[in-house]
Amino acid sequence: MNDRNLGSLEAILMLAVLRLGEDAYGVSIRHELLTRAQKDVAIGAIYTAFERLERKGFVESWLGDPTAVRGGRAKRYYRLTPRGLKSLSETQRAIQGMMVGLNLAGGTLNA
Amino acid sequence: MPEIAAAPRWILFLLWPFKGESCYPQIEGDLSEEFQQRVSKHGIADARRWYRREVCRNFWSLTLRWPTIAVIVLPLFFVALRDSTPIPFMYLLLPLRPFLDPLLAAPGTAMHIMSIIALLLPTTIIPGLAFPVVCSALLRGHERIIRLVFTAYFLGLSAMFGINHFNSLIWELRIGMGILSPVIVLGLLEPVYILPFIWMSSIWVERRRSRQTGDGISPRIAEG
(Lines give C-alpha, C1' and ligand atoms only; values in the text may rest on other atoms or scores of the structure.)
Protein backbone atom coordinates (compact mmCIF):
# COMPACT_ATOMS: atom_id res chain seq x y z
CA MET A 1 0.00 0.00 0.00
CA ASN A 2 1.23 3.45 -0.89
CA ASP A 3 2.58 5.23 2.17
CA ARG A 4 0.95 8.47 1.07
CA ASN A 5 -2.57 7.02 1.11
CA LEU A 6 -4.83 7.69 4.05
CA GLY A 7 -7.42 5.29 5.41
CA SER A 8 -10.75 6.75 6.50
CA LEU A 9 -9.98 6.36 10.24
CA GLU A 10 -6.54 7.86 9.70
CA ALA A 11 -8.00 10.87 7.87
CA ILE A 12 -10.60 11.42 10.60
CA LEU A 13 -7.94 11.16 13.30
CA MET A 14 -5.75 13.69 11.53
CA LEU A 15 -8.71 16.06 11.23
CA ALA A 16 -9.39 15.64 14.96
CA VAL A 17 -5.76 16.47 15.74
CA LEU A 18 -6.01 19.52 13.51
CA ARG A 19 -9.19 20.72 15.23
CA LEU A 20 -7.89 20.13 18.77
CA GLY A 21 -4.59 21.92 18.23
CA GLU A 22 -2.38 21.80 21.32
CA ASP A 23 -4.86 19.64 23.27
CA ALA A 24 -4.81 16.62 20.93
CA TYR A 25 -4.30 13.49 23.04
CA GLY A 26 -6.11 10.13 23.45
CA VAL A 27 -9.18 11.12 25.48
CA SER A 28 -9.84 14.44 23.74
CA ILE A 29 -9.42 12.84 20.30
CA ARG A 30 -11.84 10.04 21.24
CA HIS A 31 -14.40 12.64 22.40
CA GLU A 32 -13.96 14.61 19.20
CA LEU A 33 -14.59 11.47 17.14
CA LEU A 34 -17.66 10.68 19.21
CA THR A 35 -19.25 14.13 19.11
CA ARG A 36 -18.37 15.26 15.58
CA ALA A 37 -18.12 12.01 13.59
CA GLN A 38 -20.42 9.85 15.77
CA LYS A 39 -17.70 7.20 15.82
CA ASP A 40 -17.15 5.31 19.08
CA VAL A 41 -13.63 4.00 18.49
CA ALA A 42 -11.72 1.97 21.10
CA ILE A 43 -8.71 3.85 22.39
CA GLY A 44 -6.45 0.92 21.40
CA ALA A 45 -7.58 1.28 17.78
CA ILE A 46 -6.80 5.00 17.91
CA TYR A 47 -3.24 4.40 19.12
CA THR A 48 -2.72 1.65 16.55
CA ALA A 49 -3.74 4.08 13.79
CA PHE A 50 -1.49 6.78 15.23
CA GLU A 51 1.47 4.39 15.26
CA ARG A 52 0.84 3.82 11.57
CA LEU A 53 0.60 7.55 10.91
CA GLU A 54 3.83 8.16 12.81
CA ARG A 55 5.59 5.53 10.72
CA LYS A 56 4.35 7.26 7.58
CA GLY A 57 5.65 10.56 8.96
CA PHE A 58 2.20 12.22 8.98
CA VAL A 59 2.05 12.95 12.71
CA GLU A 60 4.53 13.38 15.53
CA SER A 61 3.98 12.86 19.23
CA TRP A 62 5.47 13.74 22.58
CA LEU A 63 4.74 12.84 26.19
CA GLY A 64 3.14 15.30 28.59
CA ASP A 65 3.31 15.24 32.37
CA PRO A 66 1.84 12.28 34.24
CA THR A 67 -1.16 13.01 36.46
CA ALA A 68 -2.76 11.21 39.40
CA VAL A 69 -6.15 11.08 37.67
CA ARG A 70 -4.49 9.00 34.94
CA GLY A 71 -2.92 6.63 37.47
CA GLY A 72 0.48 8.24 36.97
CA ARG A 73 0.43 7.71 33.22
CA ALA A 74 1.53 10.49 30.90
CA LYS A 75 -0.59 11.88 28.07
CA ARG A 76 0.73 11.44 24.55
CA TYR A 77 0.07 14.56 22.49
CA TYR A 78 -0.08 14.56 18.71
CA ARG A 79 0.40 17.12 15.98
CA LEU A 80 0.46 16.98 12.21
CA THR A 81 3.71 17.23 10.32
CA PRO A 82 3.89 19.31 7.09
CA ARG A 83 3.91 16.01 5.17
CA GLY A 84 0.74 14.92 7.01
CA LEU A 85 -0.96 18.23 6.32
CA LYS A 86 -0.11 17.93 2.63
CA SER A 87 -1.47 14.38 2.47
CA LEU A 88 -4.66 15.43 4.26
CA SER A 89 -5.16 18.31 1.85
CA GLU A 90 -4.68 15.95 -1.12
CA THR A 91 -7.26 13.57 0.36
CA GLN A 92 -9.69 16.45 0.89
CA ARG A 93 -9.21 17.62 -2.70
CA ALA A 94 -9.72 14.08 -4.02
CA ILE A 95 -12.92 13.55 -2.01
CA GLN A 96 -14.31 16.95 -2.88
CA GLY A 97 -13.56 16.32 -6.56
CA MET A 98 -15.33 12.96 -6.51
CA MET A 99 -18.31 14.35 -4.57
CA VAL A 100 -19.16 17.03 -7.14
CA GLY A 101 -22.69 16.41 -8.43
CA LEU A 102 -23.43 13.66 -5.92
CA ASN A 103 -25.97 13.95 -3.13
CA LEU A 104 -25.63 11.12 -0.64
CA ALA A 105 -27.90 12.49 2.09
CA GLY A 106 -29.61 9.76 4.10
CA GLY A 107 -27.31 7.01 2.79
CA THR A 108 -28.90 6.92 -0.68
CA LEU A 109 -27.91 8.42 -4.00
CA ASN A 110 -30.26 11.32 -4.71
CA ALA A 111 -30.45 13.00 -8.09
CA MET B 1 -8.38 18.04 45.37
CA PRO B 2 -11.35 15.78 44.43
CA GLU B 3 -11.24 12.16 45.59
CA ILE B 4 -10.19 9.66 42.95
CA ALA B 5 -12.63 6.74 42.48
CA ALA B 6 -11.20 3.26 42.09
CA ALA B 7 -11.65 1.69 38.66
CA PRO B 8 -12.16 -2.09 38.43
CA ARG B 9 -8.55 -2.58 37.45
CA TRP B 10 -8.71 -6.37 37.83
CA ILE B 11 -10.17 -6.49 34.31
CA LEU B 12 -6.87 -5.11 33.01
CA PHE B 13 -5.55 -8.68 33.14
CA LEU B 14 -7.06 -8.94 29.64
CA LEU B 15 -4.55 -6.36 28.42
CA TRP B 16 -1.60 -8.08 30.13
CA PRO B 17 -0.24 -9.47 26.83
CA PHE B 18 0.00 -5.92 25.44
CA LYS B 19 1.74 -4.39 28.45
CA GLY B 20 5.10 -4.27 26.69
CA GLU B 21 3.80 -2.15 23.81
CA SER B 22 4.72 1.50 23.59
CA CYS B 23 1.08 2.67 23.60
CA TYR B 24 0.03 0.61 26.65
CA PRO B 25 0.72 3.26 29.33
CA GLN B 26 -1.35 5.78 27.36
CA ILE B 27 -4.23 3.35 26.90
CA GLU B 28 -4.31 2.64 30.63
CA GLY B 29 -4.02 6.36 31.44
CA ASP B 30 -6.79 7.33 29.01
CA LEU B 31 -9.09 4.65 30.43
CA SER B 32 -8.43 5.92 33.97
CA GLU B 33 -9.02 9.54 32.98
CA GLU B 34 -12.24 8.79 31.13
CA PHE B 35 -13.39 6.61 34.02
CA GLN B 36 -12.99 9.55 36.44
CA GLN B 37 -14.93 11.81 34.04
CA ARG B 38 -17.73 9.24 33.87
CA VAL B 39 -17.85 8.89 37.66
CA SER B 40 -18.58 12.61 38.03
CA LYS B 41 -21.10 12.62 35.15
CA HIS B 42 -22.96 9.29 35.45
CA GLY B 43 -22.00 7.79 38.83
CA ILE B 44 -19.66 5.04 39.91
CA ALA B 45 -21.78 2.04 38.81
CA ASP B 46 -22.10 3.30 35.23
CA ALA B 47 -18.42 4.24 35.12
CA ARG B 48 -17.36 0.78 36.27
CA ARG B 49 -19.59 -0.87 33.67
CA TRP B 50 -18.12 1.38 30.99
CA TYR B 51 -14.55 0.63 32.15
CA ARG B 52 -15.07 -3.14 31.96
CA ARG B 53 -16.68 -2.87 28.53
CA GLU B 54 -13.92 -0.59 27.20
CA VAL B 55 -11.16 -2.91 28.41
CA CYS B 56 -12.86 -5.79 26.54
CA ARG B 57 -13.21 -3.65 23.40
CA ASN B 58 -9.56 -2.68 23.62
CA PHE B 59 -8.57 -6.32 24.04
CA TRP B 60 -10.23 -7.14 20.71
CA SER B 61 -8.98 -4.05 18.92
CA LEU B 62 -5.40 -4.82 20.01
CA THR B 63 -5.70 -8.52 19.16
CA LEU B 64 -7.22 -8.19 15.69
CA ARG B 65 -4.42 -6.27 13.98
CA TRP B 66 -1.51 -7.45 11.96
CA PRO B 67 1.32 -7.27 14.56
CA THR B 68 -0.60 -9.55 16.94
CA ILE B 69 -1.51 -11.94 14.14
CA ALA B 70 2.16 -11.98 13.06
CA VAL B 71 3.16 -12.71 16.66
CA ILE B 72 0.84 -15.71 16.64
CA VAL B 73 2.13 -17.04 13.30
CA LEU B 74 5.88 -16.38 13.72
CA PRO B 75 6.44 -18.75 16.71
CA LEU B 76 4.59 -21.47 14.78
CA PHE B 77 7.16 -21.06 12.01
CA PHE B 78 10.02 -21.38 14.52
CA VAL B 79 8.50 -24.45 16.14
CA ALA B 80 8.17 -26.07 12.70
CA LEU B 81 11.77 -25.09 11.92
CA ARG B 82 12.99 -26.62 15.16
CA ASP B 83 11.09 -29.84 14.55
CA SER B 84 12.71 -30.24 11.14
CA THR B 85 16.33 -29.50 12.15
CA PRO B 86 17.45 -31.86 14.98
CA ILE B 87 18.41 -34.76 12.70
CA PRO B 88 20.83 -32.71 10.51
CA PHE B 89 22.21 -31.27 13.75
CA MET B 90 22.79 -34.77 15.10
CA TYR B 91 24.86 -35.53 12.01
CA LEU B 92 27.03 -32.55 12.88
CA LEU B 93 27.79 -34.31 16.17
CA LEU B 94 29.09 -37.42 14.37
CA PRO B 95 32.76 -36.31 14.43
CA LEU B 96 32.46 -36.25 18.23
CA ARG B 97 31.51 -39.96 18.38
CA PRO B 98 34.91 -41.15 19.61
CA PHE B 99 34.40 -38.97 22.67
CA LEU B 100 30.66 -39.47 23.08
CA ASP B 101 30.42 -43.23 22.47
CA PRO B 102 32.09 -44.36 25.68
CA LEU B 103 29.75 -42.03 27.56
CA LEU B 104 26.63 -43.06 25.64
CA ALA B 105 27.40 -46.73 26.09
CA ALA B 106 27.56 -46.56 29.86
CA PRO B 107 26.37 -49.85 31.27
CA GLY B 108 23.00 -50.23 32.96
CA THR B 109 21.35 -47.15 31.50
CA ALA B 110 18.80 -47.24 28.73
CA MET B 111 19.46 -43.66 27.82
CA HIS B 112 22.56 -42.05 29.14
CA ILE B 113 22.53 -38.50 30.45
CA MET B 114 24.95 -37.41 27.72
CA SER B 115 22.64 -38.62 24.98
CA ILE B 116 19.77 -36.72 26.60
CA ILE B 117 21.89 -33.57 26.67
CA ALA B 118 22.91 -34.15 23.05
CA LEU B 119 19.22 -34.40 22.18
CA LEU B 120 18.09 -31.46 24.30
CA LEU B 121 20.77 -29.02 23.20
CA PRO B 122 19.59 -28.59 19.58
CA THR B 123 15.89 -29.19 20.26
CA THR B 124 15.37 -27.39 23.54
CA ILE B 125 18.09 -25.24 25.05
CA ILE B 126 19.27 -23.40 21.93
CA PRO B 127 15.78 -22.85 20.43
CA GLY B 128 14.33 -22.03 23.85
CA LEU B 129 16.85 -19.25 24.37
CA ALA B 130 17.12 -18.04 20.77
CA PHE B 131 13.53 -18.02 19.47
CA PRO B 132 12.14 -15.35 21.85
CA VAL B 133 15.15 -13.12 21.11
CA VAL B 134 14.66 -13.44 17.34
CA CYS B 135 10.87 -13.01 17.56
CA SER B 136 11.25 -9.94 19.80
CA ALA B 137 13.78 -8.42 17.41
CA LEU B 138 11.31 -8.83 14.55
CA LEU B 139 8.25 -7.72 16.53
CA ARG B 140 9.37 -5.31 19.22
CA GLY B 141 7.20 -4.85 22.29
CA HIS B 142 5.26 -8.10 21.92
CA GLU B 143 7.33 -10.28 24.25
CA ARG B 144 4.37 -11.19 26.44
CA ILE B 145 2.25 -12.40 23.54
CA ILE B 146 5.27 -14.31 22.20
CA ARG B 147 5.61 -16.08 25.57
CA LEU B 148 1.91 -16.93 25.65
CA VAL B 149 1.93 -18.21 22.07
CA PHE B 150 4.98 -20.44 22.61
CA THR B 151 3.40 -21.78 25.80
CA ALA B 152 0.15 -22.56 24.00
CA TYR B 153 2.01 -24.24 21.11
CA PHE B 154 4.15 -26.48 23.30
CA LEU B 155 1.25 -27.46 25.54
CA GLY B 156 -0.74 -28.23 22.39
CA LEU B 157 2.14 -30.26 20.89
CA SER B 158 2.50 -32.21 24.11
CA ALA B 159 -1.24 -32.94 24.19
CA MET B 160 -1.09 -34.09 20.56
CA PHE B 161 1.89 -36.30 21.38
CA GLY B 162 -0.04 -37.80 24.30
CA ILE B 163 -3.05 -38.50 22.08
CA ASN B 164 -0.88 -40.03 19.32
CA HIS B 165 0.97 -42.30 21.76
CA PHE B 166 -2.07 -43.07 23.88
CA ASN B 167 -2.23 -46.67 22.68
CA SER B 168 1.43 -47.42 23.40
CA LEU B 169 1.08 -45.78 26.82
CA ILE B 170 -1.82 -48.06 27.71
CA TRP B 171 -0.04 -51.06 26.17
CA GLU B 172 3.11 -50.48 28.21
CA LEU B 173 1.12 -50.08 31.41
CA ARG B 174 -0.97 -53.20 30.68
CA ILE B 175 1.93 -55.53 30.13
CA GLY B 176 3.33 -54.32 33.38
CA MET B 177 6.42 -52.56 32.18
CA GLY B 178 5.63 -49.96 34.75
CA ILE B 179 8.13 -47.52 33.40
CA LEU B 180 7.37 -45.61 30.25
CA SER B 181 9.97 -45.47 27.54
CA PRO B 182 12.23 -42.38 27.68
CA VAL B 183 11.13 -41.23 24.24
CA ILE B 184 7.50 -41.04 25.35
CA VAL B 185 8.40 -39.37 28.65
CA LEU B 186 10.56 -36.80 26.85
CA GLY B 187 7.79 -36.11 24.35
CA LEU B 188 5.12 -35.71 26.98
CA LEU B 189 7.20 -33.54 29.27
CA GLU B 190 8.56 -31.28 26.53
CA PRO B 191 6.77 -28.15 27.83
CA VAL B 192 8.36 -28.69 31.25
CA TYR B 193 11.89 -28.46 29.94
CA ILE B 194 11.56 -26.04 27.01
CA LEU B 195 9.17 -23.40 28.40
CA PRO B 196 11.47 -22.26 31.25
CA PHE B 197 14.13 -21.40 28.66
CA ILE B 198 11.60 -19.53 26.53
CA TRP B 199 10.19 -17.57 29.47
CA MET B 200 13.65 -16.80 30.87
CA SER B 201 14.93 -15.53 27.54
CA SER B 202 11.76 -13.57 26.76
CA ILE B 203 11.61 -11.89 30.19
CA TRP B 204 15.28 -10.95 29.82
CA VAL B 205 14.59 -9.31 26.42
CA GLU B 206 11.53 -7.49 27.77
CA ARG B 207 13.36 -6.11 30.81
CA ARG B 208 16.31 -5.06 28.71
CA ARG B 209 14.05 -3.20 26.29
CA SER B 210 11.94 -1.51 28.99
CA ARG B 211 15.14 -0.33 30.71
CA GLN B 212 16.21 1.25 27.42
CA THR B 213 12.88 2.90 26.57
CA GLY B 214 11.10 3.44 29.91
CA ASP B 215 7.37 2.68 30.15
CA GLY B 216 5.98 6.21 30.54
CA ILE B 217 4.88 5.84 34.16
CA SER B 218 5.93 8.13 36.93
CA PRO B 219 6.28 5.97 40.08
CA ARG B 220 6.07 9.04 42.34
CA ILE B 221 2.64 10.12 41.05
CA ALA B 222 1.32 6.59 40.68
CA GLU B 223 2.05 5.94 44.34
CA GLY B 224 0.48 9.28 45.32
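Predicted model: local features only at pLDDT ≥ 70, side-chain atom pairs only at ≥ 80, totals over all residues.
Angles of 65 to 115 degrees between axes count as roughly perpendicular, and angles under 35 degrees as roughly parallel.

**Entry 1: a helix pair within chain A**

I looked up how helix α1 (residues 8-20) of chain A sits against α3(A), and found that the two pack at an angle of about 90°, with their axes 10 Å apart. That angle falls in the range quoted above, and α1(A) and α3(A) are therefore roughly perpendicular to each other. On the α1(A) side I listed Leu9(A), Glu10(A), Leu13(A) and Met14(A) as the residues that make the contact, and on the α3(A) side Ile46(A), Ala49(A), Phe50(A), Arg52(A) and Leu53(A). Sorted by class, the residues of this contact come to seven nonpolar, no polar and two charged.

**Entry 2: chain A as a whole**

I then stepped back to the chain and recorded four helices and two strands, which follow one another from the N terminus in the order α-α-α-β-β-α. The C-alpha trace of chain A spans about 55 × 30 × 25 Å along its principal axes. I noted that 31% of the 111 residues of chain A count as buried. Among the contacts in chain A with a separation of 6 or more, 47% are accounted for by residues 24 or more positions apart.

Which residue other than glycine did I note for a positive phi in chain A? I noted Gln38(A), whose phi is near 50°, and I placed this residue in the loop between α2 and α3 of chain A. Most residues other than glycine have a negative phi. Gln38(A) has 7 C-beta neighbours inside 10 Å, and because 12 or fewer is the limit for an exposed residue, Gln38(A) counts as exposed.

I next turned to Thr108(A), which is found in the segment after α4 (82-99) of chain A. Is Thr108(A) buried or exposed? With 7 other C-beta atoms within 10 Å, Thr108(A) is exposed. I also checked Thr108(A) against Glu60(A): the two are 48 residues apart in sequence, and their C-alpha atoms are 38 Å apart in space.

**Entry 3: where chain A touches chain B**

I counted 21 residues of chain A in contact with 25 residues of chain B. On the chain A side, the elements that give two or more residues are α2 (26-36), α3 (43-56), β1 (59-66) and β2 (74-80). The largest share of that side, six residues, comes from α3(A). By class, the side of chain A that touches chain B holds ten nonpolar, six polar and five charged residues.

Ile43(A), Gly44(A) and Ala45(A) in α3(A) meet Asn58(B), Ser61(B) and Leu62(B) in α2(B). The residues of this contact divide into three nonpolar, three polar and no charged.

**Entry 4: chain B and its helix α1**

For chain B I recorded eleven helices and zero strands. Of the 224 residues in chain B, buried residues make up 25%, and residues 24 or more positions apart account for 78% of the contacts with a separation of 6 or more.

Just after α1(B), Gly43(B) takes a positive phi of about 95°.

**Entry 5: the domains of chain B**

Last, I looked up the domain assignment of chain B, which gives domain 1 (9-64) and domain 2 (66-212). How many residues of domain 1 are in contact with domain 2? I noted eight residues of domain 1 in contact with eight residues of domain 2. The residues on the domain 1 side that touches domain 2 divide into three nonpolar, three polar and two charged.

Note on methods: Residues numbered from 1 in each chain as written. Chains lettered and ligands numbered in written order. Domains from an automatic or database assignment. Contact = placed C-beta atoms within 7 Å. Nonpolar A, V, L, I, M, F, W, Y, C, P; charged D, E, K, R; others polar. Buried ≥ 20, exposed ≤ 12 C-beta atoms within 10 Å, placed from the backbone. Axes fitted to C-alpha atoms, helices over the stretch in contact; angles between N-to-C directions. Parallel < 35°, antiparallel > 145°, perpendicular 65-115°, else oblique.
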